[in-house]
Amino acid sequence: MPPSLRPPSPARRRRPALAAGALALAAVLLTAGCGTSPGTGGDAKATASAPAGFPVTVDNCGVTTTYDRPPSRAVTIHQHPAELMLSLGLKDRMVGTAFPDSAVLPELREDFASVPELAKREPSFEAILEAEPDFVYGGYGSAFAEKEGRSRTAFADAGIDTHLNREYCGRDKVTMEDTYEEIRTVGRIFGVSERADRLVADLRTRVDEAAAAVRDAPTVPVFVYDSGDKSAFTAGGKGLGTDLIRLAGGKNVFSDLDEVFGDVSWEQVVERRPEVIAIYDYAGAGSVEQKKEFLLSQPALADVPAVREKRFVVLPLTATLVGVRSAHLVEDLARGLHPASFR
């Protein structure tokens with residue numbers, strides 16, 4: 001995983017000031033209208049101005065936001081938030097994406113291509129403002145890097161709401177239940193809760209069926225190789241990857257690493273004797289073949305069961321994160337760990 005994607009330490013359309021002030025005044029007047037006596041029409045006007053189900057208040061990574069209506073101009077930073085929104089049928093609310101790192105899901109490719117790409121990596125604060133968003137949804141903590149001028153406070157000062165994927169909220173552990181809740185939360189924010197519930201039901205069924213197929217199979221020790229040569233950059237116990245491996249009938253040999261991602265020594269890898277190595281695949285970190293060649297060429301790893309038996313599974317990085325792909329990955333990984341269970 002590139003340095004810009006590594007979790008940092010704890011972490012509306014943009015209107016001219018005059019227009020923003022006018023809207024604020026209108027909001028005050030509307031609120032005053034709500035208190036008018038029966039028969040004046042004030043209550044009816046207030047009700048008509050707010051879509052059903054709104055306002056919606058969301059507490060996200062310590063930032064509380066109240067949405068009076070669904071966002072209409074969203075920018076996503078990183079691929080998994082974009083795919084989540086597209087899976088909820090929200091293409092018409094998206095005015096920009098950024099930082100694609102894997103091939104887009106086939107069923108979403110046409111919609112994804114129709115949304116302007118603002119940058120190959122995280123776009124600058126100014127580039128995001130040019131898209132005139134009212135909502136910015138970040139996948140990794142680096143989406144809102146303060147040192148890059150993209151803090152959530154900076155967006156709030158510009159009148160733009162923000163949301164960070166819950167995997168980077170600093171919780172103890174992230175599981176598939178967090179994925180389901182992330183989808184439901186985005187559904188609430190955009191007023192499409194029924195779509196979100198249907199999507200969650202479909203993903204949960206996929207996961208449950210895959211997990212049931214390998215429930216009685218022996219647990220397989222798995223080492224996640226993201227990148228690195230002097231040391232190994234791997235998935236720790238706080239990230240979703242560990243739960244995906246568990247559901248697929250495996251055990252992350254570094255589940256005790258108290259991070260989403262972190263560095264470990266090759267000596268530690270040898271000591272934990274993984275039987276399968278899951279290679280994370282994404283742009284900018286070397287090809288899968290290069291990673292395999294590196295692992296197979298290291299004399300110190302020669303007696304590691306996964307290396308000796310050349311047991312590798314390839315996982316798109318985007319599929320290991322809180323988003324719509326993770327449910328699909330459980331089945332793919334289960335087949336890789338327990339092929340006999342799917343014959």
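Colleague: At its relative accessibility, does Val 330 count as buried or exposed, and what is the value?

Modeller: This is a predicted model, and in it Val 330 lies in helix α13. A residue is called buried when its relative accessible area is under 20%. Val 330 therefore counts as buried, with a relative accessibility of 0%.

Colleague: Which residues of α13 are buried?

Modeller: Helix α13 covers residues 325-337, and its 13 residues reach 18 Å from the first C-alpha to the last, close to the 18 Å expected at 1.5 Å a residue. An α-helix has 3.6 residues a turn, so residues three or four places apart point the same way. The buried residues in α13 are Arg 325, Ser 326, Ala 327, Leu 329, Val 330, Leu 333, Ala 334 and Leu 337.

Colleague: Which strands does α13 lie across, and at about what angle does α13 run to β13?

Modeller: The strands in question belong to an open sheet of 4 strands with parallel pairing, in the order β10-β8-β12-β13. Its edge strands, β10 (250-252) and β13 (312-316), each pair on one side only, and the twist from one strand to the next averages 35°. Helix α13 lies across β8, β10, β12 and β13, and its angle to β13 is about 175°.

Colleague: In β13, what is the bridge partner of Ala 278?

Modeller: Strand β12, made of residues 276-281, pairs with β13 in the parallel sense over 5 bridges. For Ala 278, the bridge partner in β13 is Val 313.

Colleague: In β5, what is the bridge partner of Thr 97?

Modeller: Strand β4 (residues 94-98) pairs with β5 in the parallel sense, over 2 bridges. Within this pairing of β4 and β5, the residue in β5 that is the bridge partner of Thr 97 is Glu 117.

Colleague: Which residues have the most contacts inside the largest nonpolar core?

Modeller: In soluble globular proteins, nonpolar side chains tend to be buried together. Here 49% of the 343 residues of the chain count as buried. The largest nonpolar core has 79 residues, and those with the most contacts inside it are Ile 183 and Phe 190.

Colleague: How many residues are in the other core, which lies apart from the largest one?

Modeller: In the largest nonpolar core, Ile 183 is in contact with Leu 84, Leu 88, Ala 196, Leu 199, Val 200, Leu 203 and Val 324, leaving aside its neighbours within four places in sequence. Apart from that core lies another, which has Leu 257, Val 269, Phe 294 and Val 307 among its members and whose number of residues is 19.

Colleague: What is omega for the cis peptide bond that joins Phe 54 and Pro 55?

Modeller: Most residues other than glycine have a negative phi, and most peptide bonds are trans. Pro 55 is found in the loop between α2 (42-49) and β1 (56-60). The bond that joins Phe 54 and Pro 55 is cis, with an omega of about 5°.

Colleague: At its relative accessibility, does His 78 count as buried or exposed, and what is the value?

Modeller: His 78 lies in the loop between β3 (74-77) and α3 (79-87), and its phi is positive, near 90°, in a residue other than glycine. Cys 61, in the loop between β1 and β2 (63-67), likewise has a positive phi, near 55°, but Cys 61 is partly exposed, with a relative accessible area of 24%. His 78, by contrast, counts as buried, at a relative accessibility of 1%.

Notes:
Residues are numbered from 1 along each chain as its sequence is written. This is a predicted model: local features need pLDDT of at least 70, side-chain atom pairs count only at pLDDT 80 or more; totals for chains, interfaces and linings use all residues. Side-chain values use heavy atoms; hydrogens and water are left out. A nonpolar core is a set of buried Ala, Val, Leu, Ile, Met, Phe, Trp, Tyr and Cys residues joined through side-chain atoms within 4.5 Å. Buried means under 20% relative accessible area, exposed over 50%, partly exposed in between (1.4 Å probe, protein chains only). Contact means heavy atoms within 4.5 Å. The expected span of a helix is 1.5 Å times one less than its number of residues. Two strands pair if DSSP finds at least two bridges between them. Axes are lines fitted to C-alpha atoms, for helices over the stretch in contact, and angles run from 0 to 180 degrees between N-to-C directions.
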